[in-house]
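Thanks for coming, everyone. Please bring the model up on your screens, and we'll walk through it piece by piece.

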Amino acid sequence: SGIPESELVNVHRGATLLKDLGAGGPALLVFVSGECGSCKEIIQRIPNWEDQLGTGFAINVATSSRPDIVRSRLAVDDEHLFYGSRSAREALGVTSVPAAVALGDDQNRILASPVVFGSRQIETLVEALVQARV
């Protein structure tokens with residue numbers, strides 16, 4: 001389906017459209033909360049997923065939690081962390097966290113995968129993305 005015209009806010013308080021999260025390449029957008037126990041496990045898997053997906057595939061984290069809560073409970077690199085995720089969650093149909101969606105690249109900029117929920121489904125989505133890139 002198409003990528004909604006929703007935006008997230010980066011740590012410098014600048015707005016980024018969902019379709020621009022991959023900076024011209026494909027992206028995985030992971031929705032988390034600072035209050036969610038399984039979200040911390042998902043965050044810890046991201047470095048491994050980055051290795052598996054390789055360069056040119058962005059992994060971004062979106063939250064509506066306060067920055068101080070995110071920094072104290074989740075170790076997320078500021079470069080890939082976005083706030084103000086409520087409108088993006090609503091636009092994509094994200095009803096709970098953790099959740100994830102794959103967003104297309106320049107050649108497929110109108111494409112977004114179905115949203116997946118929970119650790120097992122997110123891991124399955126990442127495995128499918130790795131296979132698609134091989």
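**Helix 4 and what surrounds it**

Let's start with packing. The buried residues of helix 4 pack against strand 3 (27-31), helix 1 (37-53), strand 6 (99-103) and strand 7 (116-117). Some ground rules. This is a predicted model, where local features need pLDDT of at least 70 and side-chain atom pairs count only at pLDDT 80 or more, while totals for chains, interfaces and linings use all residues. Residues are numbered from 1 along each chain as its sequence is written, and side-chain values use heavy atoms, with hydrogens and water left out.

Now the terms. Helices (H or I, at least four residues) and strands (E, at least two) are DSSP runs, numbered from the N terminus. Buried means under 20% relative accessible area, exposed means over 50%, and partly exposed lies in between, with a 1.4 Å probe and protein chains only. Contact means heavy atoms within 4.5 Å.

Which residues of helix 4 are buried? They are Ser119, Ile122, Leu125, Val126, Leu129 and Val130. Down the axis of helix 4, these buried residues fall within an arc of 140°, so they line one face of the helix. That arc is taken over the directions from the helix axis to the C-beta atoms. Turn to the face away from the buried side, and you find the exposed residues Arg120, Gln131 and Ala132.

Next, a length check. Helix 4 has 16 residues, 118-133, and at 1.5 Å a residue it should span 22 Å. The expected span is 1.5 Å times one less than the number of residues. The end C-alpha atoms of helix 4 are 23 Å apart, which agrees.

Zoom in on Leu125, in helix 4. Leu125 has 12% relative accessibility, so it counts as buried. Leaving out residues up to four places away in sequence, Leu125 touches Leu28, Ala100, Val101, Ala102, Ser113 and Val116. Leu28 is 97 residues from Leu125 along the chain, yet their C-alpha atoms are separated by 9.4 Å.

**The cores**

A nonpolar core is a set of buried Ala, Val, Leu, Ile, Met, Phe, Trp, Tyr and Cys residues joined through side-chain atoms within 4.5 Å. The largest has 26 residues, and Leu28, Val30 and Trp49 touch the most other members. Helix 1 gives the most to this core, with six residues. Trp49 has contacts beyond four places in sequence that include Ile42, Ile59, Ile122 and Val126. A second, separate core has 18 residues, among them Leu21, Phe31, Val101 and Val115.

**The disulfide**

How many disulfides does the structure hold? One. A disulfide here is a pair of cysteine sulfur atoms within 2.5 Å. Cys36 and Cys39 form it, with sulfur atoms 2.3 Å apart. The torsion about their S-S bond is about 85°, so the disulfide is right-handed. Cys36, at 16% relative accessibility, counts as buried. Cys39, at 0%, counts as buried too.

**Strands 1, 2 and 5**

Last stop. Two strands pair if DSSP finds at least two bridges between them. Strand 1 (residues 7-10) pairs with strand 2 in the antiparallel sense over three bridges. Strand 1 also pairs antiparallel with strand 5 (residues 81-83), over two bridges. Look at Val9: it stands opposite Ala15 in strand 2, and its bridge partner in strand 5 is Tyr83.
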